[in-house]
Amino acid sequence: MTAGIRASSAATLRLMLPAALAVTVGGLILTALGKDPLAYYGYVVKRGLLSWGGLQETLNRMAPLLLIAAGLIVAFRAGLWNLGGDGQFLLAAVVTAALGPALIGVLPRAALLIVCMVAAALTGALWSLIPAVLKARYGVNEVVSSLMMSFLGTSCANLLVKTVLRDASTSVPRTPDLPVDERLPQIFHTHIHAGVLIALVVVVAVHLMITRTAFGLKVQVVGANPAAALHAGLNVGRLTIATFALSASLVGLAGSIEILGVWGTVRADWNPAFGLLVVPVVFLARLNGYAVIALTLCLSALMIGAESAARRTDVQQHYVWVLLALLLIFLAVVEHLHHLRHKRLAL
Amino acid sequence: MQQLLAQAFLTSLIFGAVTAGVPLLLAALGEQISEKAGVLNIGIEGMMLFGAYTGFAIAYYSGSFALGFLSGGLGGMAVAAVVMLLCVRRGLNQIVIGIAVTLGVQGLTALLYFSQFSRTYPRLARDPAWLLPRLSHIPVLGAGLFSHDPLVYLSVLLVPAATLLFRSSHIGLNLEAAGNAPAALDAAGVDVIRTRSLAVLATGFLAGVGGAYLANVGAGLFVPFITRGSGFIGIVLAMLARGRPLWVLLGAALFGVSLSLTTALQVAGIDIPTDVVQMLPFAAVLLVLIIFARHSVLPRALGQPYVRGDR
Amino acid sequence: MNSETTPLAAVRNITKRFPGVLANERISLEFHAAEIHVLLGENGAGKSTLISMLAGMQQPDEGEIWIGGGPVVIASPRASLALGVGTVFQHELLVPSLTVIENLLLGGRWWQRMGQRAALERFRQLSGLLGVAIDPHAEVGRLSLGERQQIEIIRALWRGGKLLILDEPTSMLTPHGVQDLGRVMQRLKEQGVAVLLVTHKLPEAFQFGNRISVLRQGRLMGQLAPERIAKMSATQAQDAVIGMMFGGQVAPDADTAPGVHLGQQKPLSHREGPPRLSVRALCTEGRAGECALREVSFDVWAGEILGIAGVDGNGQKHLAEVLAGQRSAVQGRIILDGTEVTRDGVGARRQRGFRYLTDDRLHEGSVGALSVAINLLLKEIGEPPYWRHGVADWDLIHREARATILRNDIRAPSERTPLGRLSGGNIQKVLLARELDRAAKVAILSKPTHGLDLQNCALAHARMRADARRGVAIVVISTDLDDELLQLSDRIGVMVQGRLSGIVPNASGVERTVGRLMTGAASA
């Protein structure tokens with residue numbers, strides 16, 4: 001047990017050093033652009049974590065990120081690169097935004113929410129079907145096919161918002177608004193919506209599914225060695241399709257919850273592009289569900305802080321992406337040095 | 001009148017197709033080199049975008065298009081150097097690093113844009129075209145195909161050059177071996193890591209030039225995210241072409257036409273949502289993928305880092 | 001003959017260490033022109049390390065390599081070739097998607113022109129020297145293993161190689177291919193080339209070698225110079241070499257002492273009642289390059305070991321896979337204890353008692369990244385008692401794994417260790433433990449001892465016999481007639497081009513019949 005704690009604290013340390021380096025180098029970039037990095041970081045932390053309003057926004061932002069991360073964990077464990085997240089997310093969001101207002105008065109709120117989420121999850125799964133089947137039947141590289149589906153899905157979603165689903169009463173093309181009363185309930189009179197809880201439960205459930213269940217182990221076997229999976233009598237094709245569908249439906253659920261919890265509508269050309277953003281996070285967390293929760297909290301706080309800072313300090317929120325890339329690069333460098341030192345010790 | 005309109009429509013369609021297709025051609029040719037050598041270069045989107053930024057900035061400050069393309073190439077190469085160090089030398093996951101690098105470049109160029117250009121919105125003057133003698137006088141085709149920047153003709157010439165390089169040079173053999181049987185290349189006394197490193201750098205250069213062309217000629221300006229997935233399309237084209245540069249050219253032409261169709265249709269006064277037209281090439285490629293799924297072949301060692309002695 | 005002359009190349013007091021292992025310890029060897037020097041040793045004896053230093057893949061920690069009368073540093077594979085040392089490695093080093101001549105041109109400087117014509121001339125010269133006929137413009141991926149090896153030999157000699165190193169060259173070859181290789185080596189020897197043949201097979205050493213050196217645990221245990229071999233009888237030479245390999249200790253199992261074929265006569269098992277496994281007119285469909293089954297029929301009784309002999313690529317893979325349920329039969333029937341199981345999948349057949357040990361241990365048989373415990377249960381994921389309602393009971397799984405590890409003498413630090421960290425012999429023990437469990441009724445074992453050293457080989461054979469005695473019907477598919485099938489089988493069937501060309505009882509002198517069946521000349 002203590003060994004486990006020591007190992008995990010060493011791992012944390014190995015994450016802290018690259019984080020410090022990334023923040024430093026990022027700060028240098030800010031200085032080069034003529035901004036004050038200390039003031040910026042101070043503002044971001046204060047806004048994203050320390051202010052009550054910002055913290056609530058941060059927690060709300062965690063919901064879609066966590067759900068996408070859960071979807072990616074499932075796929076990556078099976079060795080499937082589901083890079084179609086954006087398309088799955090947006091289409092699911094659009095389906096939610098279309099169904100929600102249409103079902104008002106037809107269904108009570110709880111049923112409406114559940115129907116929306118299920119429909120969104122199914123939409124995501126449906127959108128992953130082509131890459132999944134191509135991969136399962138013919139071994140077509142899913143990196144390419146899922147990316148293609150993502151572009152297609154994004155365009156499709158936009159098209160729907162601008163044509164069939166367009167709210168005629170507004171000048172900016174967007175879907176009809178889902179009234180706040182019909183959205184996901186908020187927790188204890190805060191602005192934090194219930195989707196955050198759903199997301200947390202889903203991430204933990206996915207983590208337990210991977211580590212404790214037969215299905216999870218089968219997924220891992222397929223991911224680690226597909227030939228061995230066939231040899232062991234696993235139905236690799238069916239597992240591939242099922243895993244892809246599960247992954248995409250979780251991404252779809254993320255899109256649904258973002259609409260049901262935060263926006264209530266989809267505007268034309270709206271694309272938060274979370275799909276690719278979460279990939280490095282899941283990788284940094286080494287596909288571990290609990291680590292994903294911690295890292296997602298950091299990322300959300302950064303994003304919220306940076307979005308707010310963009311309005312105040314003239315530093316675009318895209319700075320977060322730079323920081324994330326730097327973090328990964330430094331992590332690689334630190335691991336490399338760690339590796340070298342161990343090698344020397346062994347000799 | 002009707003005929004004149006049709007001519008204008010066709011000319012602008014072809015001209016636009018070339019302008020839109022050239023960046024894809026360059027990116028996909030570059031990606032093909034990496035893929036042949038066994039590196040799945042997802043970071044190519046970032047390389048293009050950084051090439052677009054550096055290319056635009058240098059062309060804007062120097063006033064020279066040629067210098068802009070060159071520095072675009074070098075910018076793409078700089079991003080490629082990061083990918084090379086982390087993925088080829090260090091053996092990190094090529095997909096994750098590729099995505100991270102792309103995100104980083106997207107963020108960085110956005111920051112740079114907002115701090116440099118967001119108040120002035122500078123545009124480049126129209127690119128001085130190089131009219132090919134005689135050919136440029138052909139009606140429709142002349143103005144559409146043969147009145148472009150010299151880089152366009154150079155890019156097209158790259159296709160036979162690449163074919164020759166892949167088929168009958170030591171470089172071609174080395175690339176093929178690095179992607180299909182790296183251990184065999186190593187045993188033949190050629191450094192696999194070096195071969196792959198150079199391949200990735202070459203990819204970065206070509207993608208960067210493509211990005212610079214896209215910004216400087218295609219748009220005449222730089223805005224954040226200007227490449228909008230062109231690099232990813234390049235990856236798809238390279239994969240579908242399976243190592244044959246001529247197929248890359250055909251694919252780039254297909255995408256170019258469908259991208260320019262939007263503008264051309266607007267010129268002709270036909271109102272089709274841009275989203276529909278933007279979907280066409282992806283739908284087409286997906287269809288190709290589905291039909292030819294059985295035959296898709298990729299290098300055996302694609303995406304796998306090479307470690308001597310590992311089997 | 002010529003050990004008085006100066007050697008063409010030599011290693012002197014070479015030492016090489018790896019973390020925790022002394023791979024080579026003060027080894028000195030000489031390689032003479034026009035001599036076939038055999039380096040014998042079991043797996044892990046240090047043979048591969050020694051040749052990797054000669055080939056420039058690794059550097060010695062101590063000692064020197066001499067070539068042409070002086071010490072040299074071989075810093076890279078390229079340097080090794082330039083010094084006249086050509087190496088043919090155990091694993092193939094050709095690019096399948098390139099042609100023969102392109103493979104031979106590989107490694108030229110990038111600015112050089114591809115001198116196809118000169119290369120073709122050199123190719124003709126060398127293939128004439130070797131006495132082989134290969135189309136230089138054929139894609140390597142389409143050639144047979146023997147032909148590919150010949151290309152590798154040509155490549156090793158391409159730049160005027162004086163020392164040719166062959167690392168376990170016969171492991172992938174057909175008996176016919178081995179004879180071809182022998183002829184090639186003989187011709188090279190006549191041309192004055194020094195050949196270093198690295199092998200763990202004793203018969204090859206005696207058949208081909210002029211000089212035999214034995215490595216054990218990284219040390220040189222002894223050498224038989226040509227003069228000494230000339231003075232000894234075959235048995236004396238064998239005894240001497242076995243003494244060096246095992247240091248005077250008795251070989252692990254008297255039955256399987258190397259090179260000693262007893263031509264044993266095992267009584268045929270009790271054939272009371274119906275056979276345990278019946279196969280009737282089984283056919284499969286194969287893709288290009290695969291050999292499909294054509295109307296294969298046989299029976300195996302409980303307690304019997306049926307050997308399947310044959311040159312690789314004559315349908316053995318399909319036979320194993322179709323029996324295991326990994327491949328579907330297009331025609332024919334598979335009957336276990338009177339019940340037809342032809343339509344069952346892998347899982348259903350495993351539940352009925354079918355077991356299949358694949359010959360591709362690392363790529364198919366195991367998941368190196370997952371623990372030993374998981375690999376032991378790889379084919380039972382989700383089944384009770386280890387999983388209840390789909391949820392794993394890790395305590396039970398690990399407890400059982402510990403017991404299995406002890407019972408089967410598997411050397412693993414822990415049941416949680418990733419399988420990939422274990423040695424090849426121990427990985428095979430894990431797979432054997434998985435496939436020969438208590439509920440096994442029919443076991444299909446494909447090349448069960450391929451690549452194992454003698455000790456582990458003997459243990460595996462003993463294990464199979466014990467399981468047969470317990471009542472398991474065992475089908476052993478192997479290309480190793482002498483050391484495996486003749487030692488183990490009650491009957492031996494031979495596969496030729498997807499057909500079972502005959503089944504004969506194992507008795508002394510049966511090799512001749514089996515050999516004839518392999519060529520398809522006779523049918524029994």
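These legends accompany several close-up views of a predicted model.

Local features are reported at pLDDT of at least 70 and side-chain atom pairs at pLDDT 80 or more, while totals for chains, interfaces and linings use all residues. Residues count from 1 along each chain as its sequence is written, chains are lettered from A, and ligands are numbered from 1, in the order in which they are written.

**Figure 1. Chain A, overall fold.**
The secondary structure of chain A comes to 14 helices and zero strands. Helices (H or I, at least four residues) and strands (E, at least two) are DSSP runs, numbered from the N terminus. The element order, read from the N terminus, is α-α-α-α-α-α-α-α-α-α-α-α-α-α. The C-alpha trace spans about 70 × 60 × 35 Å along its principal axes. Of the 347 residues, 56% count as buried. Buried means 20 or more other C-beta atoms within 10 Å of the residue's own; exposed means 12 or fewer; partly exposed lies in between; C-beta atoms are placed from the backbone. Among contacts in chain A with a separation of 6 or more, 79% involve residues 24 or more positions apart. A contact requires C-beta atoms, placed from the backbone, within 7 Å.

**Figure 2. A:P176 and its surroundings.**
A:P176 sits in the loop between α7 (142-162) and α8 (195-212) of chain A. A:P176 counts as partly exposed because it has 19 C-beta neighbours inside 10 Å. Leaving out residues up to four places away in sequence, A:P176 touches A:P101, A:D167 and A:T265. A:G100 lies 76 residues from A:P176 in sequence, yet their C-alpha atoms are 9.1 Å apart.

**Figure 3. Chain A against chain B.**
Here 39 residues of chain A are in contact with 38 residues of chain B. On the chain A side, the elements giving two or more residues are α6 (129-138), α7, α12 (274-284) and α14 (319-346). Helix α7(A) gives the most, with twelve residues. By class, the chain A side divides into 29 nonpolar, nine polar and one charged. Ala, Val, Leu, Ile, Met, Phe, Trp, Tyr, Cys and Pro count as nonpolar, Asp, Glu, Lys and Arg as charged, and the others, Gly among them, as polar.

**Figure 4. Chain A against chain C.**
This contact takes 18 residues from chain A and 23 residues from chain C. In chain A, α9 (214-224) and α10 (226-231) are the elements that give two or more residues. The largest share of the chain A side, seven residues, comes from α9(A). The chain A side has eleven nonpolar, five polar and two charged residues.

**Figure 5. Chain B, overall fold.**
Chain B holds twelve helices and two strands. From the N terminus on, its elements run α-α-α-α-β-α-β-α-α-α-α-α-α-α. Its radius of gyration is 20 Å, close to the 19 Å that the globule rule gives for 311 residues, so chain B is as compact as a globular protein of that length. The C-alpha trace of chain B spans about 70 × 45 × 40 Å along its principal axes. Buried residues make up 58% of the 311 residues. Of the contacts in chain B between residues at least 6 apart in sequence, 78% join residues at least 24 apart.

Helices α3 (residues 65-89) and α9 (residues 192-219) of chain B have axes that come within 6 Å and cross at roughly 145°. Axes are lines fitted to C-alpha atoms, for helices over the stretch in contact, and angles run from 0 to 180 degrees between N-to-C directions. The crossing of α3(B) and α9(B) is right-handed. Residues of this contact divide into 18 nonpolar, eleven polar and two charged. A crossing is right-handed if the near helix is turned clockwise from the far one by less than a right angle, and left-handed if anticlockwise.

Helix α2 (residues 44-62) of chain B and α9(B) also have axes that come within 6 Å, crossing at roughly 55°. α2(B) and α9(B) are therefore oblique to each other. Angles under 35 degrees count as roughly parallel, over 145 as roughly antiparallel, 65 to 115 as roughly perpendicular and the rest as oblique. The crossing of α2(B) and α9(B) is right-handed. By class, the contact of α2(B) with α9(B) has 13 nonpolar, eight polar and no charged residues.

**Figure 6. Helix α10 of chain C.**
Helix α10 (residues 316-324) of chain C is mostly covered, with nine of its nine residues buried. Among them are C:H318, C:L319 and C:V322. C:G325 follows α10(C) and has a positive phi, near 90°.

Methods. Two residues are in contact if their C-beta atoms, placed from the backbone, lie within 7 Å. The radius of gyration is taken over C-alpha atoms; the globule rule is 2.2 Å times the number of residues to the power 0.38.
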